[in-house]
Each structure stands twice: as structure tokens, then as C-alpha cells.
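This briefing covers a hairpin, a helix pair and a domain interface in turn. Please read the points below alongside the sequence and the structure.

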Amino acid sequence: YAKMATVSLGFNIDSPRWDQSTFVGRLKHFLNITDPRTVLVPEEELDRAKALVESCRAGLVPPGSSQEQLLYAKKLYDSAFHPDSGEKMNFIGRMSFQVPGGMAITGCMLQFYRTVPAVVFWQWVNQSFNAFVNYTNRNAASPISLRQIGVAYVTATSAALATAVGLNLYTKQAPPLLARWVPFAAVAAANCVNIPMMRQQEILNGITVTDENNNELGRSRRAAVKGIAQVVLSRITMAAPGMIILPIIMERLEKFTFMQRIRVLHGPLQVLLCGGFLLFMVPAACALFPQRCSLALADLEVELRDSIMAKHGDKVPYVYFNKGL
């Protein structure tokens with residue numbers, strides 16, 4: 001990557017390879033950048049990929065580079081570097097680590113749900129993991145203090161524990177399947193608290209909205225609320241199939257004699273099955289809503305709407321913003 005040459009490639013390296021206005025296009029995009037294999041890529045190769053992407057943006061690429069090499073470098077860059085700051089993200093917080101990290105934690109939450117100490121421990125582990133993910137993928141334009149991070153972490157963990165422990169005690173006399181669904185209820189409750197708390201600055205101060213040509217129009221709190229609500233729904237959707245369907249599968253499997261003989265393998269089996277669900281659900285949940293979200297001008301705050309209309313008339317029917325992940 002040291003020797004550079006000006007090359008006309010005929011494509012924009014920052015343009016998504018697939019149509020982002022369709023779910024299938026977004027799914028292909030996120031299947032690419034959430035590929036868990038990229039977690040194993042050495043740091044030196046990630047740094048070289050970043051250098052190549054930045055050089056390509058400047059119109060400089062190594063002589064003889066193929067388009068496939070450039071696209072692979074962009075894949076590594078998108079998987080490991082923050083889209084706003086360009087800084088390398090800690091590997092635990094990367095979306096490409098959601099499958100290996102999430103499968104281990106979710107599998108253990110589903111396996112060890114019967115006792116209160118086990119519920120408390122695994123919910124705490126899950127919320128610690130979520131805190132890493134939410135902090136790593138935060139909006140760099142809306143900084144958050146360590147105190148706010150701490151409050152968000154404690155609040156979300158408390159919500160998860162209260163939900164899990166409360167429902168765990170409540171379902172003691174209920175059918176076994178209901179008890180198996182308690183971890184999902186706790187995860188959903190925590191997501192409804194964790195993400196808004198972690199991104200509270202966006203709700204309080206608004207996020208930047210633009211026209212279709214990316215010209216800044218101002219900051220909107222309503223846009224922030226819409227974007228955060230979609231992220232919350234995406235995270236819950238990401239966990240739902242594995243945490244709802246897998247307990248049904250395990251409930252039926254455990255009735256077989258051969259499964260009763262290999263109880264020690266139930267935990268590893270649930271972890272592997274969780275991985276199978278997450279392998280598809282991580283990109284599918286990320287693709288649920290467009291990354292570049294839109295909001296009708298009529299739905300904006302009155303002051304911002306009036307300001308835009310005063311400057312642009314009726315030429316800006318919608319505003320656009322990055323909803324985050």
C-alpha cells in the first residue's frame with residue numbers, strides 16, 4: 001500500500017454495493033459487514049484496509065489493485081472502524097462480533113434460567129456486553145459522558161434484573177415453557193431502557209437532518225426519537241427468534257430419552273443453535289429499517305419546520321438522517 005498511483009476506477013468506494021431502499025439490498029449489505037469471520041482478521045490487515053480505503057477516497061490506489069480487493073478492504077473497514085470518527089472499534093462492540101458474543105451469552109441465559117443467582121449473573125453479563133456494543137456504536141457527533149454511560153448501564157441492568165427475577169419467581173408454578181421465555185422478556189425490557197439512555201444526548205439536543213443532497217438543515221429531536229425507536233425494535237427483533245423459538249425446540253427435545261442422557265451437552269447445544277439463529281438475524285435485524293432514515297417535514301418540530309420552509313419553500317418534503325445501529 002506504500003506505492004500509490006492515480007487510477008480511475010469508475011465507482012465510488014463509499015457507495016453501498018446493493019440497493020439500500022429495499023430490504024433485500026440492505027440484508028446483503030449487512031450480511032457483508034457483520035460477517036463474524038472478520039473478527040479474526042489481524043490488526044495489521046485492518047490497518048492496511050483502512051489505508052487503502054482512505055487512499056481510494058483520495059483517488060489513489062496501488063497499481064494493479066482489482067475491484068474485488070478494494071471491496072474487500074471496504075468490507076473490513078466497515079466492520080472494524082467507526083463510520084463517524086474513523087477510529088478502530090473495540091472488537092467486542094463490533095456488529096461482526098454479535099454472532100460469537102451473542103450466541104454464547106444468549107445460550108447461557110436460556111440454559112441457566114431456573115435459579116435466581118444464575119439469572120442475575122447472566123443478565124448482568126448480557127447488559128455488560130450490550131453496554132460495550134451501544135458505546136462502541138454511539139453517534140460520535142453526540143458525545144456522552146462517563147457518568148451518563150454509568151447511569152445508562154446501571155438503569156438497563158436494573159430493568160433487566162427486575163424483569164427477569166420478578167418473572168422467574170412469578171412463573172414458578174407456570175408451565176415450564178413460560179419460564180424459558182423469561183430471559184427474552186428481560187432482554188426486551190433492557191433494550192427499551194439501555195439504548196435511549198445511552199443515546200440521551202440525541203433525544204435532548206436533536207440530531208442533524210439533511211435534504212436528499214446531504215445539505216444540513218438543522219437538528220431535530222423528533223428525528224432522534226424515531227431513529228432510536230427503530231434501533232430498539234431492531235435489537236429486540238434480533239434476539240426474538242432465538243429466544244422464543246429455541247425454548248420450544250429444547251422443550252420438545254428434552255422429552256427424548258437420548259437427550260436426558262446427555263444433559264451436560266444441553267448448554268453447548270443451545271449455544272450452537274443460538275449461533276445459527278443470530279447468523280441470519282443480526283444482518284436481518286440491522287436491515288429492518290433503512291440506515292438513512294427519513295421524516296416528513298410536517299412531522300418535524302414547528303420551529304425547525306418553519307425555518308426550513310422559510311429558506312426552501314416546499315422543495316424539501318422530507319428530511320434525512322442516520323438512525324445509527
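In this predicted model, strands β3 and β4 form a hairpin with 5 residues between them, and N214, which lies in the turn, has a positive phi of about 70°.

**Hairpin strands**

**Crossing of α5 and α8**

- The axes of helix α5 (residues 116-136) and helix α8 (residues 182-198) come within 11 Å and cross at roughly 35°, and the crossing of α5 and α8 is right-handed.
- On the α5 side the contact is made by Q123, N126, Q127, N130, A131, N134 and Y135, and these meet P183, A186, V187, A190, N191, N194, I195 and M198 of α8.
- Sorted by class, the residues in the contact of α5 with α8 comprise 8 nonpolar and 7 polar ones, with no charged residues.

**Domain interface**

- The protein chain is divided into domain 1, which spans 5-81, and domain 2, which spans 95-322, and the centres of domain 1 and domain 2, taken over C-alpha atoms, are separated by 27 Å.
- Contact between the domains involves 13 residues of domain 1 and 16 residues of domain 2.
- The size of an interface is often given as the accessible area lost when the parts come together.
- For domain 1 and domain 2, the area buried between them is about 1,100 Å², and carbon and sulfur atoms give 74% of that area.
- On the domain 1 side, the residues that lose the most area to domain 2 are R26, F30 and T34, which together account for 44% of what that side buries.

How values were computed. Residues are numbered from 1 along each chain as its sequence is written. This is a predicted model: local features need pLDDT of at least 70, side-chain atom pairs count only at pLDDT 80 or more; totals for chains, interfaces and linings use all residues. Side-chain values use heavy atoms; hydrogens and water are left out. Two strands pair if DSSP finds at least two bridges between them. Helices (H or I, at least four residues) and strands (E, at least two) are DSSP runs, numbered from the N terminus. Axes are lines fitted to C-alpha atoms, for helices over the stretch in contact, and angles run from 0 to 180 degrees between N-to-C directions. A crossing is left-handed if the near helix is turned anticlockwise from the far one by less than a right angle, and right-handed if clockwise. Contact means heavy atoms within 4.5 Å. Ala, Val, Leu, Ile, Met, Phe, Trp, Tyr, Cys and Pro count as nonpolar, Asp, Glu, Lys and Arg as charged, and the others, Gly among them, as polar. Domain bounds come from an automatic or database domain assignment. Buried area is the accessible area (1.4 Å probe) that two parts lose on being put together, summed over both.
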